[in-house]
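Thanks, everyone, for making the time this morning. I would like to walk you through one interface, starting from the chain as a whole and ending at a single side chain.

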Amino acid sequence: MEKSCTLLVHFDKGTPAIATEIKEALEGSDVSAKIDAMKKAISLLLNGETLPQLFITIVRYVLPSEDHTVQKLLLLYLEIIDKKDQKGRVLPEMILICQNLRNNLQHPNEYIRGVTLRFLCRLNETEIIEPLIPSVLQNLEHRHPFIRRNAILAMMAIYKLPHGDQLLVDAPEMIEKVLSTEQDQSAKRNAFLMLFNCDQDRAINYLLTNVDKVSEWGELLQMVVLELIRKVCRTNRGEKGKYIKIIISLLNAPSNAVIYECAGTLVSLSSAPTAIRAAANTYCQLLLSQSDNNVKLIVLDRLNELKSSHREIMVDRIMDVLRALSSPNLDIQRKTLDIVLELITPRNINEVVLMLKKEVMKTQNGELEKNGEYRQMLIQAIHSCAVKFPEVASTVVHLLMDFLGDSNVASAIDVAIFVREIIETNPKLRVSIITRLLDTFYQIRAARVCCCALWIIGEYCLSLSEVESGIATIKQCLGELPFYSIPEEGEAPTDASKNSQQPSSVTVSSRRPAILSDGTYATQSAASETAFSPPTIVQGSLAAGNLRSLLLTGDFFLGAVVACTLTKLVLRLEEVQPSRVEVNKVSTQALLIMVSMIQLGQSPVLSHPIDCDSYDRIVLCVRLLCSTGDEVRKIWLQSCRQSFVKMLSEKQLRETEELKAKAQVSYAQPDDLIDFYHLKSRKGMSQLELEDEVQDDLKRATGEFIKDGDDANKLNRVLQLTGFSDPVYAEAYVTVHHYDIVLDVTVINRTTETLQNLCLELATMGDLKLVERPQNYTLAPESSRQIKANIKVSSTETGVIFGNIVYEASNVLERTVVVLNDIHIDIMDYISPAVCTDAAFRSMWAEFEWENKVAVNTIIQSEKDFLDHIIKSTNMKCLTAPSALDGDCGFLAANLYAKSVFGEDALVNVSIEKQLDGKLSGYIRIRSKTQGIALSLGDKITLKQKGGS
Amino acid sequence: MVVLAASIMSKNGKVLVSRQFVDMSRIRIEGLLAAFPKLIGIGKQHTYVETENVRYVYQPIEALYLLLVTNKQSNILDDLETLRLLSKLVPEYSMSLDEEGICQTAFELIFAFDEVISLGHKENVTVAQVKQYCEMESHEEKLHKLLLQNKIDETKRRMKEEASKIDQMKIEKNRGNKGGFMSSMGSGRIESSFSDMSISSGGGGGFGSGSGFGLTTDIDSFASKPKGRQPSSATAPPKGLGMKLGKNQRANQFLESLKAEGEMIVEDAQPSKLSSHIATAHQPTDPVTLTAEEKLNVTLKRDGGLSNFDVQGQLSLQILNPEDGLIQVQIETGGNPGDAGVGLLKWRMQSADESMVPLTINCWPSVSGNETFVSIEYEASSLFDLRNVMISVPLPALREPPSVRQIDGEWRYDSRNSILEWSILLIDNSNRSGAMEFVVPPADSSSFFPISVRFSATSTYSELKVVNILPLKGGAPPKFSQRTQLITENYQVV
C-alpha cells in the first residue's frame, strides 16, 4: 500500500519559500512568524520538496512553543513526514517527539490534549505510540468530553494497528466500562464504534442488553448500531431475527438519516416481503417528505434497486413513487418515470396513465420554462405505456393529439410519432384518430410534425369520406392558389427580403454545412425546426394556412411531402370513388397545387430556389398523376406501409433483444461454481474475502481495489528503455489506471562497478504530471532494482514520457547520463465506447468548438469495411443503426461516439463516398470540447486509417 | 457512512484544500478531485455526482466548490448535513471566498474540518462549538497558568526576602568590619561608625520595624567590645550564603566606607568621650533618641535644569524616661546648618545650584513606527548613597504591560494607575548612573511626565551630628541613639 495522504494544500509556485528563511523564522521567538514558517514548511513538504535538517530545527525550536496554533501545525507536520526509513523501521530521531506528545497528552488545555489524541489516530508506528499509551489511558477518564471522545478514537486506532491488541490488551473491556457510564453522545458513539471494530461480541452484548433503550439513544449511536447489525447479520445470517425488532423500532426514529439507514439495513438483511415493504414505504415517505433534490434522487436510486430485486412489491408502491412527479426538478421526474414505466402491470396501468394524463394537463396550465421538456417526457412515457398495453392507447391518444400543435417542437414530434405507431398497431382506433387528426391539422406549426401528420393522412385515409376530407384539409391549409402574387402587386419583394433573413431554414434534404458570412458554421441541424418568421404579409392574409406559410419560408421538402400525400390520396380516391369525374376533378386540383409549388420554387420571390431533390419528387408526382399504372400504384399504396410495419417490428425486435441481453447478464454461467455460504471454509480465506459489501465499497472508493489484469497482457506492455549494451539497462512496464499511470521500471547495473546516486529522471509532455520527485539509489555491480514512478493524468490526450538515468560511478566524479526511449501513452487507453441519443449527439456536435477534419486516405475498398476498421482502431461505438448502413449504394455516413474516463465526449462523423476508380474518398470529422481529444484522436485516425494490416 | 475527504476547490478545478479522513494514496485523491470538475453537469438542480466508486456531494460557494467525497453507501442525509455545516464554517474562517482567501486560511480550515468529521464519521457539533474548539480557549489552562504564576510569585517573593536578609547581613557584616577597622585605626573614627549605623537604620526601615532597633543594640554590643568582635566577623560571617553573596560587594563597601571616613576625618570629634559614654550604657533600649531628618522638595525640568530646590531639616528628640528630661545636646554640623534653633531644631536650605541635586533624571521618549521607545537615565551625585530609589513614570493607558528592553534594577507595572515603577535598591559609587529602556504603543511624549522619584539617604546636607548629650542635673550622660535621614517629600521631573 502506498503512503496515505492526509491533506492537500494548494501550493503557489510563484513564491517559493526558501528553506533557510523558514529555518530562521522557526528559530526566532516571534510566534506569528513561526506559524507562517510552519505553514510554509508543510506546504513545501506536501509539494514533494525535501527539507533536510528541518526536523531537528523543529524539534529544537518548535516543540517547546507554548502557542496552540504552533502545536497544531506541528501535529500536521508530524502527520505528513516520513516516519520510517526505507527498510520500514522507525527513524531513531522520532523518539524525540515522543516526549512532546506525552506532554501534550497531559497538557492542561483540553483542546491540545484532544487534537493530540486525534493525531494519534493517524499514527501507524507502534514504536512511537507505545510510550504514550499510559497517557492515552489517563485521558479516557478526563472530565472533558472533548478529550474522552478523541481518547476513545485513539484507542480504537491503536488497537486496530498490527499488534495493536498487544499494546492495549484490555482495551475492549475498558471501553465497555466507559460505554456504560458515558453520557456524551459523541463519546458514546465512538466507544460503541470501537467495540464494533475491535470486539464485536462485546458490542453485540451491549446492544442486546440495552435493546429497549435503543430508540432513545442519540442519532449518532443509532447509526452505528445499524451498521453493526448489518455486519453481524451478514456474517451470521441465523441471528438476524434478534435484530429485526431493533430495526423496526428505529424506523420510527425522529432522525431522517436513521430512518434512511434503517430501510437500507432492512433490505440488506431480509428479502421477506414485509421487510421490503417496510423499506419501500420508508423510502417513499422520505421521497415525499424531503425537499432536497439530492435526497430525492438518491432515494429514487434506492427504489430503483428495490425495483430490480423485488419487483412485485414495488408494483404495489407505484402510485407512491409517482407522487414524486410533483417535484419541479426534471432529473427527479425523469428518474421517477423510468422507475414507474418498468413497474406497470395490467392492473395498475389505468391508474398510472390517469396520473400521467393529469400531469400532462397540468403542464398546459402553468407556463414554467421546463414544462415543454417535462411534457415531452410524459408523452414518451405514455407512449411506452401504450406500446406495452395497447388498450390504454384509446384513452390517451386523443388527449395527446391536442399537443400536435404544441409550440414545443420536440414534444409535438413525439406525439406525431406516437400517433403514427398507434394507428398502425391499433387498427380499431384508426377512424377516430384520422378524424381527429384532420380536425386538428391546421394547428400544427412545425414542418417536421406536418410531414409526419401528412404521411399519416396519406397512408391511413381509407374510406371515401376520409380521403375527401383529407384532400380538403390539405387544400384548406395551403390556402388560395397561387402561392405568390404576380410581382405587379408589389408585395412579394418585401416578403422575399424578410424571408432572406433566415438562412437557418435550410431544407431538410440539404446536407451542406451552412456557413455564415463570418466564416463560422451556422447552427446546423438536420432536422430544421423551422421557426418561421413572425407574420409576413402572406401569412397575415391567410392565417389558417399553416402549410402555406411554411412553404413560403422556402421549405420545399414539406412541399414534396404535400405532393406525395396528395398523390397517394388521389390514387386511393380512384379506388374508392366510383365517379371518374370526381376523381379527375380532384386530380387536376392536386396537379395545380403541385405545379404552383414548383412555380413558387422557381420564382424569384424566395431567396433560394427549390432544391433539386424536392423538385424531382414533385415532378414525379405530377407525372404519376398524369399516367397511373398498377405497379406504381402498388408501390405507393402498399409497399410504403409495409416498410413502415417492418420498421416497427424491427424496433420491437431490437428492444426485446436488448431486454434479453440484459436478462442474460444477471444469470450465472452454467459452469459457474456455486458457493454454499455455510459450507465455506473460512480458514484459508484472507480477511479481504470475508469483508462485506460495505467494506468493499469503501475499499473501492479509496482505490485499494484495483483488479490486476492477466499477466500475459502485462508482458505485452513491457517497453525497453535503454539498449542492451548500455551500462544501465532499463525496461518499464506501464500500467494505465483511470487517473494515473504507473511505471514499473526495472534498472539493471550491467557494469562491475557500484553506481552511486543513480536517479531515474522523468519528464512529461502533454497533460501528464509527475507525482513524486525522483529518489537517488545506489546500485551494486550487476544488481537490479525496481523503481516505481507515478504519473498523474488529468485529461485525455496523447502524452509522452521521456527521461534519462543519471548516475555516478565510484571512481569518476562526473555524472553519466543514459537517455531513455520515449514512452507514448495511448489515447485509446482512456476512451471507451459509449451510447448517446441522436438528439444529444446533434446538440453536442453543434456545441463543441474543436473540430479536426481528416481526409480519408485508405487502401480499403469497401465503405463498410472502412467504417469497421475505424471503429475497431478508435474503440468507439457506432450510433448509426446497422440497418441504415445496409445495402451498397456507394455512400456511407455514420456517427461514432465515445467517452473518456474523465467524462469528456468524443464525437466522430464518417462520411465517405466510393469514387469511380473504386477508391474511397471523404472526410472523418472529430469534434470534442477540448483540443486534446480532437487532436489526439485525429492523429490516431490518420495513423491507422490506411488499413491493410 | 464514511466521508473520505472534504475539499475546497476553485471552479476551474484547482484543489485548494483537501482533508482526507481515511487512508488513501495521494494519487488516488488527486485523481478523484481532478475528475470532479468534469463530472458536474451544467444546469443541474442537484448537487451530487456519482461515479463507479465514489459519490461527490458538493456545494458551490461563490467561485468555489465545497466538496465531500464519500463512498456510495454513505448516508446522503448525513452527508448533506455535514456539508451544510462545513459551508457555514468556511466563511467563518476565510475572509474572502476566493482562491486567495482559502489558500491563506487553508490550515485553519483543515483544523475546522477536523472538528466536524472524525475518522470519516460525522460529529454532532454546531458552528459555535467548532469555533470554540478551534480557539482552544481553555479555562483549565488558565487556572493552571494562574497557579503556576502564583507559585512563581511566591518563590520570587521568598527570593526577595532572602535577598534582603542577605543584604541586611551584608550590611551588618560591613559594619562589623568597618567598626573593627576603625577601632583598630583609633578611637577617633567611632564617629563615622555612628553615621554608618544610621544608614543602616534608615535603610532597615523598609524591611521591618525591629531591625533598626536591633541594629542599634548590635552597635552597642560592638561598641562595648570592639576588639573582640573584629576577628569573628572577618573570618566567620553568620551565614555561609550571606558571605558568598556579600563578598563581591564587600570590597566596594569597604572602599566606600573608607572614602566616607576620609570626609569624616576632618571633623572634629571627641571619640574617647563618646566611646566611654556608650560603653557605660547597658540598657536594652536607648533612653534618648535623636532624629535628624531632611526633607527634599525638588522640581527638575524635563529638558534639564532645576526649577526648585528646597531642603527642610528638623532635629527631633525622643526621651523615654522623664528623669532624663533635662539634657544638653551638643551638635556639630559639617555644612551650613541654616537657621538653627535650640531645642527642637529646624533648618532650611534653598539653592539653584544644580550640583546640589542628588539625583537627576533624563527621560527621552522617541516614536518610531507604531512604537514609542522610552529611555530613562538617572545620574546620582556622589554626595549621597541613595536607598530604595523608586522612579515612577506615568504611562498612557495600556492594555498590556510595557515591554522593558533593558533595565538596571527592577521594574514593576502598576496597571491600575498606569505607572511604571523602576526601583533600585541602592545607588552607591558602583552605580552612580543607570538606564532603563522600554517600549509602549505610540504615545505623546508629554504623557510620560511628571516623573516622581522617591528615595532615602542616611546622610544629610547639613551633616548635622549630635556629638554628645549632657544631663543638666549632672551625672553620667544617658545613652542615646541617633538617626540621620534624608527623604524625599516631593521630587519630580516635570
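I will begin with the conventions and then turn to the two chains.

What you see is a predicted model, in which local features need pLDDT of at least 70 and side-chain atom pairs count only at pLDDT 80 or more, while totals for chains, interfaces and linings use all residues. Residues are numbered from 1 along each chain as its sequence is written, chains are lettered from A and ligands numbered from 1 in the order in which they are written, and side-chain values use heavy atoms, with hydrogens and water left out.

Chain A has 42 helices and 17 strands, taken as DSSP runs numbered from the N terminus, with helices being H or I of at least four residues and strands being E of at least two. Of its 949 residues, 50% count as buried, meaning under 20% relative accessible area with a 1.4 Å probe and protein chains only.

Now to the interface. The contact, defined as heavy atoms within 4.5 Å, takes 81 residues from chain A and 70 residues from chain B. Between them the two chains bury about 7000 Å², 55% of it on carbon and sulfur atoms, where buried area is the accessible area (1.4 Å probe) that two parts lose on being put together, summed over both. On the chain A side, A:Leu8, A:His10 and A:Tyr111 lose the most area to chain B, together 11% of what that side buries.

Strands also cross between the chains: strand S1 of chain A, residues 7-9, runs antiparallel to strand S2 of chain B, residues 15-20, and three bridges join them, the pairing rule being that DSSP finds at least two bridges. Within this pairing, A:Leu7 stands opposite B:Arg19.

As for charged pairs, the rule finds seven salt bridges across the interface, each a side-chain nitrogen of Lys or Arg within 4 Å of a carboxyl oxygen of Asp or Glu. The side chains of A:Glu219 and B:Lys122 meet in a salt bridge, at 3.6 Å from N to O.

A:Arg189 is found in helix H12, residues 185-198 of chain A, and is buried, with a relative accessible area of 0%.
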